[in-house]
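Welcome! Take a look at the sequence and the structure below, and then let us walk through some of the features together.

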Amino acid sequence: MPAAPEAAAPAAGANGGQVSGQVKLASTLATKVSAGDTVFIFARAEKERGALMPGYTHFQPAMPSSVDMWLQAFGEHLLDHLREGLRLIERLDNNPLGVASGFGVPLRLNREISTKALGFAWTQRNPIHVQNLRGREELAVIRWWSDIASTIEKMSFDLILFSSHEYGFFSLP
């Protein structure tokens, strides 16, 4: 005999809201890590102030430049990413927990308790809206992380190139 619909329904919701909540919390942590990297880069740029190096365009020496200008470019990239991350966190700073599979739950849940306990700014009210955002919020976070990774990749490429025998501006361990 099949279970009654009430017995088959999850008590407080499926894991969709949990996954969404975890992505939102992880994004907050990633922003804090990125902020630390940005502070480090600007501190190093200050330490290298006045150290000259040629600027390059298409791998050819161009205008005079400096190590601090080169480092500050990456610091400014990361600041741009931080601003984007803060806007993203503001957008994600809501509690999706307790919406079940997109149609709410048959229980009277005080969702404000989990909102406050997890530190979210507000509670998402419409369960269908929460489900419609599935994948979209995750994609926004992945795009943001990808942008940060792209900046780090560019800086890494430059460091490897500039530490090569032909350039010799830096030495890597």
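Which residues are buried in α6? They are Glu 137, Glu 138, Ala 140, Val 141, Trp 144, Ile 148, Thr 151, Met 155, Asp 158, Leu 161 and Phe 162. Buried means under 20% relative accessible area, exposed over 50%, and partly exposed in between (1.4 Å probe, protein chains only).

## About the model

This is a predicted model, in which local features need pLDDT of at least 70 and side-chain atom pairs count only at pLDDT 80 or more, while totals for chains, interfaces and linings use all residues. Residues are numbered from 1 along each chain as its sequence is written, and side-chain values use heavy atoms, leaving out hydrogens and water.

## Helix α6

Helices are DSSP runs (H or I, at least four residues), strands are runs of E (at least two), and both are numbered from the N terminus. Helix α6 has 27 residues and reaches 39 Å from its first C-alpha to its last, close to the 39 Å expected at 1.5 Å a residue. That expected span is 1.5 Å times one less than the number of residues.

## Salt bridges

A salt bridge is a side-chain nitrogen of Lys or Arg within 4 Å of a carboxyl oxygen of Asp or Glu. The count by this rule is six. One of them joins Lys 154 and Asp 158, at 2.7 Å from N to O. These two residues are four apart in helix α6 (residues 136–162), so about one helical turn separates them. Lys 154 is partly exposed at 40%, whereas Asp 158 is buried at 7%.

Another salt bridge links Arg 83 with Asp 80, with their closest N and O atoms 2.6 Å apart. An α-helix has 3.6 residues a turn, so residues three or four places apart point the same way.

## The largest pocket

A pocket is an open set of points on a 1 Å grid over the protein atoms alone, where a 1.4 Å probe fits, with protein on both sides within 12 Å along at least five of seven lines; lining residues have an atom within 4 Å of a point. The largest pocket has a volume of about 340 Å³, a volume being the space filled by probe spheres set on the points, which are joined across faces, edges and corners. Its lining has 19 residues, and those closest to the centre are Tyr 56, Trp 70, Lys 154, Asp 158 and Phe 162.
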